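Please walk through this structure with the sequence at hand.

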Amino acid sequence: MDLTTKSAALKAHSATTQIVMGVSAFLVVFYLIKFFLSRPERLNFPIFEASPSEYKSAVVEGSLKYPDTPFILGDVVVLPKSTLDEIRNLPEHQASFNKMVRKVMHSKYTNFGADHVELISAVKVDLTRHINSYLDGLQDELRYGLDKELGPCEDWTSVHLYYQLTRIVAFLSGRVFVGLPLSREEEWIDASINYTRDVMMAREAVEKQPAIMRPFFARFLPEVKSIRRIADDQMTLTFAAIFTTTAAASQVIFDLVSRPEYIKPLRDEIQQVIEEDGYDNIGGKSHKLKKQSIPKLKKLDSFLKESQRFSPPTVTGIGRITTAALKLSTGHTIPKGVHITFPAYAISMSAQSMVVPSDNTESYVTPHEFDAFRFFKLRAMEGNENKHQFATASPDSIHFGYGLHACPGRFFSSNEIKIVMIELLHNWVMRLKGDVCGIGGLDKRPESRHVRMAISPNESAEIEFRRRRA
Ligand code: HEM
């Protein structure tokens, strides 16, 4: 190359470098402006600061201090309960559920969170409508899962509850979603569990990055690279169903073994219903609870709901991204593009926001006490028989959502957890690890993990199980 050509090449190279640098600088400035403009701090609402493990108390404090005013925590605006009815049924072009899922799941990087219209209608219509016809299969599968995962357990055996329950719930969900024999194949079980775990790990890895850096680096995270494939409906369903149900069932078992005084009344209720209704005797050898028996277990249902009230999956609920400016009845306006949500935990812990029947305040004057049969007592009142159930979504209980996007799988999940608990109460004994006298203890209850709005059961806790002797 002669000198002239060399110098022309250098000039061209330097021009390209300048263009690349110019475009990069423009992109960085563009992202910075976009980032700062999209922060909710620019809204004129009270701001709360909290470390990731303290969001729960911050939301409670905010709700008590500002019962009628939206407040900001992290990158969300928490709305007062009084505006629930104005928001819960808003269509996508005003408040988007899908955009919220995509934001929370960091879909841009994890590829999780596409709209699954057919999936939702399948769960809403098919799964819920045929819920009773799945009960036999679920009971079969539970026994299979317990035998396979917990083994003979003739003597006390220590079990990593969360891990084993995840596999058992995967068996149960698989039996209904894909059916036998695939549902019992290790490859399927592994795929469904790993998919959920991988998505959550990728999400958490992105979440840990400073928001401002995500557009530049999130795609290169190893956790993200491992998840970037096409999340089909089946895997999305598995994600929605396994993770949530396992978490709820784990919390129920932790609550029960740390409060063993509830074991006998729950067991008695099951025994009484069996005596009333008898068993279904399928094929002459396997005994199954009859379909009409499960709704009769009102104490068990109440226990599940109280457990969820204390240990919900998230501190807040009914999250949406506004897709139009919203004028609230409180006089405040929420502009377009803001992540709004409601203080789910604070709502269900607040005496004021709960139903206080005039002739029975007993159940509700102590919202901070774990009263496993509080909802059972409420349902015993005339006119309340069908209210306050675990799967009931209401303004006082929004842990399954409430309104347009209320969880369509909650009836199925409620049945799954009940079937697990019926079997464990009826045919097994369980206790906290090392609790040889079976006295439980609230100070020994495995602690949940709190990360921002998420509450997860203790994943490493061990619980001891033994089969009941005849
Ligand atoms: C204890 C277990 C569960 C909990 C706590 C739970 C909770 C929730 C919540 C909070 C929502 C969003 C509601 C809203 O923002 O308005 C939701 C939506 C959803 N859940 Fe569940 N869920 C559970 C189990 C299940 C199961 C077992 C399935 C499937 C069989 C399922 C399928 C779905 C689907 C498809 C949606 C989206 C609904 C829509 O977009 O309209 N969930 N769930």
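In strand 8, Thr-322 is the residue that stands opposite Ala-95. This is a predicted model, in which local features need pLDDT of at least 70 and side-chain atom pairs count only at pLDDT 80 or more, while totals for chains, interfaces and linings use all residues. Residues are numbered from 1 along each chain as its sequence is written, and side-chain values use heavy atoms, with hydrogens and water left out.

Helices (H or I, at least four residues) and strands (E, at least two) are DSSP runs, numbered from the N terminus. Two strands count as paired if DSSP finds at least two bridges between them. The facing residues above belong to an open sheet of six strands, ordered 1-2-3-11-8-4 and mixed in its pairing. Strand 1 (47-48) and strand 4 (95-96) are at the edges with a single partner strand each, so one side of each has no neighbour in the sheet.

Strand 8 covers residues 317-322 and pairs with strand 4 in the antiparallel sense, over two bridges. Strand 8 also runs antiparallel to strand 11, with three bridges joining them. Here Arg-320 has Ile-340 in strand 11 as its bridge partner. Six of the six residues of strand 8 are buried, so this strand is largely enclosed by the rest of the structure. Buried means under 20% relative accessible area, exposed means over 50%, and partly exposed lies in between (1.4 Å probe, protein chains only).

Which helices lie across these strands? Helix 2 (residues 55-65) lies across strand 1 and strand 2 (71-73), and runs at about 170 degrees to strand 2. Helix 4 (residues 97-104) lies across strand 3 (76-78), strand 4, strand 8 and strand 11 (339-342), at about 100 degrees to strand 8. Contact is taken as heavy atoms within 4.5 Å. The axes are lines fitted to C-alpha atoms, for helices over the stretch in contact, and angles run from 0 to 180 degrees between N-to-C directions.

Cys-407 is the only protein donor of the iron atom of the ligand, through SG at 2.3 Å. Donors are N, O and S atoms within 2.8 Å of the metal (3.2 Å for Na, K and Ca); water is not among the atoms, so sites may look incomplete. Cys-407 sits in the loop between helix 16 (374-379) and helix 17 (410-427), and at 27% relative accessibility counts as partly exposed. The UniProt record, an unreviewed entry, places the feature "binding site" at Cys-407; such annotations may be inferred rather than shown by experiment.

The structure holds 28 salt bridges, each a side-chain nitrogen of Lys or Arg within 4 Å of a carboxyl oxygen of Asp or Glu. One of them joins Asp-396 and Lys-81, whose closest N and O atoms are 3.0 Å apart. Asp-396 is in the loop between helix 16 and helix 17 and Lys-81 in the loop between strand 3 and helix 3 (84-87), so the pair ties together parts 315 residues apart in sequence. Asp-396 counts as buried at 17% relative accessibility, whereas Lys-81 is partly exposed at 25%.

Another salt bridge connects Asp-140 and Arg-175 (3.6 Å, N to O). Asp-140 is in helix 7 (residues 135-150) and Arg-175 in helix 8 (residues 161-177), 35 residues apart.

Within helix 14 (residues 298-310), Glu-306 and Arg-309 are three residues apart, about one helical turn. Their side chains meet in a salt bridge (2.8 Å, N to O), and both residues are buried.
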